[in-house]
Amino acid sequence: MRSSDRIRYKIQTATVTEKLIAINVLVFILFFLLRTIAYLFQVPSEFLVEWFVFPKEPMEFLMKPWSIITYSFLHSGIWHILSNMLILYFSGIYFLNYFSPRRLLNYYFLGVIIGALVYMLSYNLFPAFQGTGRSYLMGASAGVMAVLIGIATHIPNMRVRLMIIGNIKFWWIAAFLLVLDIIQIPMGNAGGHLAHLGGAALGYLYTNQLKKGNDIGKWFENIMDSIAALFKPRERKARMKTVHRTGKTAKTTQKTKSKFDKNEKQKRVDAILDKISKSGYESLNKEEKDFLFQAGKED
């Protein structure tokens, strides 16, 4: 297999979490190279970044509305992007075992949007931020927290194996990160930590509403589908329609077989999830992990 074919295969088989991580890393590398080139030629580079980061001023935001999404793909340093992507990868594994890839994107981007709005409101309402200079928000933390808290709310008591600590409940991890954000607000980067809490609140609310049968992110998913449809080639309708008298029988047989396969598949998924809840994700063998991964992609 050629290198180009391997790359194409990797892209096609990558999960939505891995694709989000890849985009974040590529953008980080791109802006790092641009800043390096600007430094070598003594050219100011901050003006380029300012077009994509999210501002605290509402009027400035109206001049660049795209920044409510683009800010999440920019990171201030290696540790910033590394910590975000590690948490996203970890939480994404469990998230995709229970929800579809499209729903993960709903959580992620709605968390990004809510986090930005919380940041802006905080800087314009709380007296602690009055008189501060120019401030901008960057980083995927709000979207990452939405995914993490969303799945932690869905499976709070599932035990997760961490290398040093051992088996701990999922909600302990989520609670630790939330408390860490709260206690760091007075220490610096207050706006960033408040944005994290905004994303976390979205994740918690989204999951609780799903339990009640309400998909609060469906409108966002519809918007994304409409945008994606603009870039898809329209399929031509078949000019002729062939009808077979045996088609109804064949269709019924196929439907029955499909239903049977789906039931068998669901039974195996339930058995694997039960094993995870008892012994943790790491207790699965490769075949079980692959089966659960494929089942998550097809849902």
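Where is the place of Gly191? I looked this up first in the predicted model and found Gly191 in helix α10.

**Entry: Gly191.** I checked the accessibility of this residue. Gly191 has a relative accessible area of 2%, which is under 20%, so I record Gly191 as buried. Leaving aside residues up to four places away in sequence, I find Gly191 touching Tyr119, Tyr123 and Leu137. I also looked up a C-alpha separation: Gly191 and Leu121 lie 70 residues apart along the chain, and their C-alpha atoms are separated by 9.7 Å.

**Entry: α7 and α10.** I next examined how helix α7 (residues 101-125) packs with helix α10 (residues 190-211); the angle is about 135 degrees and the axes are 7 Å apart. I therefore note α7 as oblique to α10. The crossing of α7 past α10 is right-handed. On the α7 side I list contact residues including Gly111, Gly115, Tyr119 and Tyr123. On the α10 side the contact residues include Gly191, Gly198, Gly199 and Gly203. Sorted by class, I record 11 nonpolar, nine polar and one charged residues in the contact of α7 with α10.

**Entry: α7 and α11.** I then turned to helix α11 (residues 218-230), whose axis comes within 10 Å of that of α7, with a crossing of roughly 105 degrees. By class, I record six nonpolar, one polar and three charged residues where α7 contacts α11.

Conventions. Residues numbered from 1 in each chain as written. Predicted model: local features only at pLDDT ≥ 70, side-chain atom pairs only at ≥ 80, totals over all residues. Heavy atoms only, no water. Axes fitted to C-alpha atoms, helices over the stretch in contact; angles between N-to-C directions. Helix = DSSP H or I, 4+ residues; strand = E, 2+ residues; numbered from the N terminus. Parallel < 35°, antiparallel > 145°, perpendicular 65-115°, else oblique. Left-handed = near helix turned anticlockwise from the far one by under 90°. Contact = heavy atoms within 4.5 Å. Nonpolar A, V, L, I, M, F, W, Y, C, P; charged D, E, K, R; others polar. Buried < 20%, exposed > 50% of the residue type's maximum accessible area, 1.4 Å probe, protein only.
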